[in-house]
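This report describes one protein chain for a reader who has its sequence and model at hand. Please look through both before reading on.

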Amino acid sequence: MGVLKRVSNIFRAKVNNTLDDIENPIELLDQKLRDMDDSLNKAKLSSAQILGNVHEIEKKMEESKRISTEFDEKVKLAMSKGNEELAKKALARKLEADKSYSSLEASYKDACQKAEAVKSKLKELEEEIHKTRVYRDEAAARFNNAEASKKVNEILSNVETGSNKINIDDIERKIQKKESLAEGLGDLREEDSLEKEFKKLDEVDLDKELEKYKQN
């Protein structure tokens, strides 16, 4: 394994560890979108400069063509007047303009190719940003749902286990014990009442006993 590949693997491993340690991965996506937006803005600036260069070359080409046409007419005029020396000077200016036009034309084609390449890259980057932003929104919804489910499960787990666990059977036994005690006390009260009634039967009627004394 080459050194560069080993370094690349180590770097990817560290990145993965960093991702695992991040509590909220949506923040990482937000940072990625900010970086992509920054790259897009820089690319747009470069594209604008290239397009500006294309327009500038176009203007220079038009000027060279205008000069070539102008001195071509002057060559013809000088020749018609029999002034070959002046015609040569005009022809030299025309040829110079033609040479400049040819050179500018090559630069123009190169600039146009670069402009098209930049436009294509811009479009790809914009599409990638759009996809990332859509994924970010979907991921945020999934992450929030997962967090909510996690909290609910933690609450339920805390209720069902540990110190907060409620044993329904124990509570039921305690209630039944209280109910039995209450019933027992009720039975005792009924027995006491019945005993009192029987005792009343055995009680001496003082009025009747006193009446007996009167009869004697």
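A salt bridge is here a side-chain nitrogen of Lys or Arg within 4 Å of a carboxyl oxygen of Asp or Glu.

**Basis of the model**

The model is predicted, and local features are reported at a pLDDT of at least 70, side-chain atom pairs only at 80 or more, while totals for chains, interfaces and linings use all residues. Residues are numbered from 1 along each chain as its sequence is written, and side-chain values use heavy atoms, with hydrogens and water left out. The term pLDDT stands for the predictor's confidence in each residue, from 0 to 100. For the protein chain the average pLDDT is 79, and 71% of the residues score at least 70.

**Overall build**

The protein chain contains five helices and zero strands, giving the pattern α-α-α-α-α along the sequence. Helices (H or I, at least four residues) and strands (E, at least two) are DSSP runs, numbered from the N terminus. Among the elements, helix α2 (residues 25-80) has the highest mean pLDDT, 91, whereas helix α1 (residues 3-21) has the lowest, 51. Of the 216 residues in the protein chain, 13% are buried. Buried means under 20% relative accessible area, exposed means over 50%, and partly exposed lies in between (1.4 Å probe, protein chains only).

**Salt bridges**

In the whole structure, a search finds 13 salt bridges. Three of these pairs are set out below.

| Pair | Closest N to O distance |
|---|---|
| Lys 114 and Asp 110 | 3.5 Å |

The Lys 44 and Glu 126 pair links distant parts of the chain, since Lys 44 belongs to helix α2 and Glu 126 to helix α3 (residues 84-160), 82 residues apart. Lys 44 is partly exposed at 39% relative accessibility, and Glu 126 is partly exposed at 38%.

Arg 66 and Glu 63 both lie in helix α2, three residues apart, which is about one turn of the helix. Arg 66 is partly exposed at 43% relative accessibility, as is Glu 63 at 36%. Glu 63 and Arg 66 also belong, with Glu 70 and Lys 74, to a network of salt bridges.

Lys 114 and Asp 110 are separated by about one helical turn because they are four residues apart in helix α3. Lys 114 is partly exposed, with a relative accessible area of 47%, and Asp 110 is partly exposed at 35%.

**A contact across the sequence**

Asp 30 is found in helix α2 and, at 22% relative accessibility, counts as partly exposed. How far apart in space are Asp 30 and Thr 132, C-alpha to C-alpha? They are 9.4 Å apart in space, although 102 residues separate them in sequence.

**A patch of negative charge**

Asp 169, Glu 172, Glu 179 and Glu 183 gather in a patch of negative charge on the surface. Patches are made of residues with over 30% relative accessible area and no salt bridge, like charges being joined within 9 Å and nonpolar side chains (Val, Leu, Ile, Met, Phe, Trp, Tyr) within 5 Å. Glu 183 is found in helix α4 (residues 168-202) and is exposed, with a relative accessible area of 54%.

Technical notes:
Accessible areas come from the Shrake-Rupley method with a 1.4 Å probe; for residues, only the protein chains shown count as cover. Lys and Arg count as positive and Asp and Glu as negative; His and the chain ends are not counted. The place of a charge is taken as NZ of Lys, CZ of Arg, CG of Asp or CD of Glu.
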